[in-house]
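Here's a quick briefing on a protein model, written for someone who likes cut-offs spelled out. Have a look at the structure first, then read on.

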Amino acid sequence: MNADAVVLDVDGVLVDVADSYRRAILESIEHVYGRTIRKEDVQPFKDAGGFNNDWELTDAAALYVLATEEGYDASIDEFTDRIAAEGGGLEAAETAVREGIGARATQRVTDRWDRDRLRDVFQQLYLGPELYRGLEGGEFDDDIDSEDAGFIHDEPVLLEDAARERLLTEYDVGILTGRPEAEAEIALERVGLESKVSLEHRFTMDDWEEGKPHPRALTTLAERFDADAVAFVGDTLDDVRTAVNASETDPAREYHGVGVLTGGLTGEEGHRKYEREGASAVLESVNDLPALLES
């Protein structure tokens with residue numbers, strides 16, 4: 001694989017978010033509605049596409065929970081398959097519910113569907129009291145356990161020092177993540193990249209509206225690097241789709257989507273899913289990337 005620039009996703013690539021973002025999805029819904037989905041149910045939403053933003057994934061999963069109370073009888077897999085068939089994302093989730101239970105029942109669901117409350121609880125659980133007050137400027141709720149909150153501190157580093165230094169030495173390195181900028185900075189500092197990757201070579205949630213798999217952020221980074229070939233490393237199918245879409249949008253350059261098995265996609269099934277979406281390579285972790293690029 002030829003590449004002169006490497007662009008890295010954060011979640012599931014540089015840090016493990018199984019006990020942080022994904023935990024916050026489940027517990028936010030549980031806190032607001034008293035019921036939630038299972039941990040293993042998060043991945044089908046990711047695979048359906050359009051849920052690079054975990055707040056919107058939380059909204060969609062909450063919508064499903066509320067809809068089941070109004071007679072929606074599809075399984076999570078059937079629900080997310082329907083979302084995928086509609087093009088992915090939150091609007092497709094709303095369509096699936098409306099078609100499943102009708103307009104009147106859907107109205108009752110949406111009357112209870114409090115996206116602002118879900119987001120606020122999510123941020124409190126994820127950030128914990130100190131960071132929540134500093135970044136969100138709000139007061140921590142009394143009914144949330146402040147000692148248990150702060151899932152952001154439960155994100156093991158995946159990128160090893162040796163792999164980081166090889167990438168920084170031999171390639172231009174950029175960041176493309178769905179995290180808000182402040183939360184991305186915390187993760188990048190933890191993995192030793194915050195001072196190594198300039199702001200010009202980062203895209204976060206705050207820098208673009210489209211989100212993955214829209215290719216604009218990736219093609220813009222390629223232009224800024226003046227790169228002929230770019231490897232984009234991610235942990236979801238939308239990451240690979242981003243690279244595929246970039247290739248179609250910007251055929252003068254090569255874009256390689258590289259999937260890693262340290263996020264929600266694992267094992268042989270993860271391999272197959274990545275390959276069906278057009279991945280150039282599938283790695284056990286980002287630490288295998290230098291050897292792949294040099295081989």
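**Briefing: helices, cores and a domain interface**

Leu-90 lies in helix α5, residues 90–112, where helices (H or I, at least four residues) and strands (E, at least two) are DSSP runs numbered from the N terminus. This is a predicted model, so local features need pLDDT of at least 70 and side-chain atom pairs count only at pLDDT 80 or more, while totals for chains, interfaces and linings use all residues. Residues are numbered from 1 along each chain as its sequence is written, and side-chain values use heavy atoms, with hydrogens and water left out.

**Leu-90**

- Leu-90 is buried, with a relative accessible area of 8%; buried means under 20%, exposed over 50%, and partly exposed in between (1.4 Å probe, protein chains only).
- Not counting residues up to four places away in sequence, Leu-90 touches Phe-51, Glu-56, Asp-59, Ala-60, Trp-113 and Arg-115, contact being heavy atoms within 4.5 Å.
- Twelve residues along the chain from Leu-90 is Gly-102, and their C-alpha atoms are separated by 17 Å.

**Nonpolar cores**

- The largest nonpolar core has 76 residues, and Leu-8, Leu-14, Ile-37, Phe-45, Phe-79, Leu-193 and Leu-289 touch the most other members. (A core is a set of buried Ala, Val, Leu, Ile, Met, Phe, Trp, Tyr and Cys residues joined through side-chain atoms within 4.5 Å.)
- Helix α3 (residues 54–68) provides the largest share of this core, ten residues.
- Both domain 1 (5–16 + 156–294) and domain 2 (18–151) put at least three residues each into this core; the domain bounds come from an automatic or database domain assignment.
- Leu-193 is in contact with Leu-8, Leu-14, Leu-159, Arg-164, Leu-168, Ile-175 and Leu-188, leaving aside neighbours within four places in sequence.
- Another core, of 16 residues, lies apart from the largest one and includes Leu-218, Val-230, Ala-243 and Ala-246.

**Where the two domains meet**

- The C-alpha centres of domain 1 and domain 2 are 25 Å apart, and 17 residues of domain 1 are in contact with 19 residues of domain 2.
- Between them the domains bury about 1,400 Å², 48% of it on carbon and sulfur atoms; buried area is the accessible area (1.4 Å probe) that two parts lose on being put together, summed over both.
- On the domain 1 side, Asp-16, Glu-183 and Met-205 lose the most area to domain 2, together 29% of what that side buries.
- The rule finds one salt bridge across this interface, counting a side-chain nitrogen of Lys or Arg within 4 Å of a carboxyl oxygen of Asp or Glu.
- It also finds seven residue pairs in polar contact across the interface, both residues at pLDDT 80 or more. (A polar contact is a pair of N or O atoms within 3.5 Å; within protein, one must be able to donate a hydrogen and the other to accept it, and residues adjacent in sequence count only if both atoms are side-chain atoms.)
- Helices α8 (181–191) and α10 (237–249) each supply at least two residues of the domain 1 side that touches domain 2.

- Asp-54 sits in helix α3 and is buried, at 9% relative accessible area.
- The side chain of Asp-54 makes a polar contact with the side chain of Lys-46 at 2.7 Å.
- Arg-179 is in the loop between β2 (172–176) and α8, and is buried with a relative accessible area of 1%.
- The Arg-179 side chain makes a polar contact with the Glu-155 side chain (3.0 Å), and it reaches the backbone oxygen of Glu-183 at 3.0 Å.
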